[in-house]
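Dear colleague,

I am handing over the structure we spoke about, with the sequence alongside. Please have a look at it first; my notes on what was found follow below.

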Amino acid sequence: MIMADISPPAPYIPHYKPNQVLRGSGSVVIVTGWTVRHTVAKALNPQDYGAIGQLYSPTRGISLLLRNLLANPQVRDLVILSATKEDRNAGGCQCLLDFFTWGFEAGFSDTGAACWLIRGPGEAIGTGDTATREPRTPDETDRPTIRGYIDAEIAATALEQLRQQVRPHGVTTLGEAIAAVHACNQSPTAAPWGSPQFFPLTEPTPTVFPGPRYGHRIEGKTIAETWVRLIHRIKTTGTLRPTGYDGQWQELIDLVAIVTAEPEGFYFPEPNYLPCDRPFIQDYIAQILEDAPYREGVKYTYGQRLRSWFGRDQIEQVVQKLVGEIDAASAVMSLWDAKDHETGGSPCLNHIWVRVVAGELSLTALFRSNDMFSAWPANAMGLRALQHHIRDRIAQESDYDLTLGPLITISQSAHIYDDTWDNADRLIADQYARLHETPDFADPAGNFLVEVEGAEIQVTHTTGGSGEVVQRYRGKQPLRLLRQICQGSPMVRPDHAGYLGLELQKAAICLKTGQIYQQDRELSQ
Ligand SMILES: O=c1ccn([C@H]2C[C@H](O)[C@@H](COP(=O)(O)O)O2)c(=O)[nH]1
């Protein structure tokens, strides 16, 4: 005869995030998603459950929950309540169910750390040691996989045991959750399915922030200022990759740098934190502007490529092109020779465009590969000298007295080599915060005038200079208005968008309380 074990279950001990869990004396664990855990607790007696906790998202909490379940093998039933719109948006509870249904596989987190990825219905099933329990249903296969992450330190065999030993009960209403808990408690208490298991918990400190890999835009007044911003962007968000030279670099792809106001004669900071000085730049400019005879085995110079390599002086061609047709969109110089693939050591600077708009001459240069720490400042100064030269030559050859517009570089592989990472970090520590000491209120995306008009908030979008009205937004809900503004002007600066959020919230409070709203004024207490 089989005797039901009538001794009470071992108490549930939440080793991880204990303050986030309501504890009872039973053995069923309830995951309430976005439903407040106390609401569920109120509908039960403490002996009905071992623990009740919330799960907001599939990213952090699942791993901690699985660790707690492995440390509490007396738990056999997991009631998972996904009752709200927030649960459906965030997908945490669905992802937890997916862990039991579809399993997991080795993968990587956003920052490249090894981890277990929870499988979803959209992926291959039945392979390896994480074969799924149930066949896919046709409507499930249409659902995109919710990405869930489990710490790599947790052994796959332990996760597999959990999948086999713990029964998930997915429910969508509070009533169903209560009924499921009572049904679980009808079965006699079973013995723990194993011994408590613990795995090391390392809190990773990723050095790379999330951010797009392709197509960043950085703007600064001088080459020095732009360089500090470039180094900060690559160092914080660049992808770590092996280089072709036995090391690593941090890289962004298609990094656009716009220097708006480099002075004639160049700005060198005092003390000079750039990796080049005036004498070096004097020599370097000659390598860009002047021809050099071709010698077997000697590396190309940019001047040689521009002045003679293709049997013509491309700089002079561009000058003549613009003198004849100032609006030309074909003032192009090319440094890349199709033969370069065969020889190696090919030029990093490949292409230069010059463009005249509204009496302003801009120059855009494209690099296939750019060492942003050691080489970019000199590259930029050399190109600025070329831009000056072309402007001056056009002035000599015609009546056009053009102003010097921005210098733009586009670096396809914009990288910082590992041997300069320490210097890059020091540069950021010393110089980056300084750039932000005096706030710059001039957002090229324009100004936004916030007012309370009748029973609504009105936001008027104007141009930055003469203040022409370009758009109006009206409404009562600050978040909705902010979203409309960001949708309409996605280039609005992040600090400006944050400021607008604060102002809109203040305006909304004034609408409710009857206080008078005035932009940039504190609310009276
Ligand atoms: O004007 C130059 C010349 C070279 N480099 C850098 C880019 C690469 O880090 C390296 C050239 O390596 P290869 O791509 O040629 O292997 O030098 C520049 O940044 N600017």
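What distance separates the centres of domain 1 and domain 3, taken over C-alpha atoms? In this model, which is predicted, the two centres are 41 Å apart. The chain is divided into domain 1, covering residues 18-184, domain 2, made up of 214-338 + 345-436, and domain 3, covering 447-513.

The largest pocket holds about 1,600 Å³ of space, and among the 42 residues that line this pocket, E219, R229, H436, D440 and R493 are the closest to its centre. Because domain 2 and domain 3 both give residues to the lining, the largest pocket lies between them. At least two lining residues each are supplied by strand 9 (214-220), helix 8 (223-237), helix 14 (421-435), strand 16 (447-453) and helix 16 (494-513). Sorted by class, the lining of the largest pocket comprises 19 nonpolar, 10 polar and 13 charged residues.

Helix 16, which contributes to that lining, also packs with helix 15 (residues 478-488) at an angle of about 145°, the axes of the two helices being 9 Å apart. The crossing of helix 15 and helix 16 is right-handed. On the side of helix 15 the contact is made by P478, L481, L482, I485 and C486, while helix 16 brings A497, L500, G501, L504, Q505 and A508. In contrast to the pocket lining, with its 13 charged residues, this helix contact has no charged residues, being made up of nine nonpolar and two polar ones.

With best regards

Conventions. Residues are numbered from 1 along each chain as its sequence is written. This is a predicted model: local features need pLDDT of at least 70, side-chain atom pairs count only at pLDDT 80 or more; totals for chains, interfaces and linings use all residues. Side-chain values use heavy atoms; hydrogens and water are left out. On a 1 Å grid over the protein atoms alone, a cavity is a set of points where a 1.4 Å probe fits but cannot get out, and a pocket is an open set with protein on both sides within 12 Å along at least five of seven lines; lining residues have an atom within 4 Å of a point. Grid points are joined across faces, edges and corners, and a volume is the space filled by probe spheres set on the points. Helices (H or I, at least four residues) and strands (E, at least two) are DSSP runs, numbered from the N terminus. Ala, Val, Leu, Ile, Met, Phe, Trp, Tyr, Cys and Pro count as nonpolar, Asp, Glu, Lys and Arg as charged, and the others, Gly among them, as polar. Domain bounds come from an automatic or database domain assignment. Axes are lines fitted to C-alpha atoms, for helices over the stretch in contact, and angles run from 0 to 180 degrees between N-to-C directions. A crossing is left-handed if the near helix is turned anticlockwise from the far one by less than a right angle, and right-handed if clockwise. Contact means heavy atoms within 4.5 Å.
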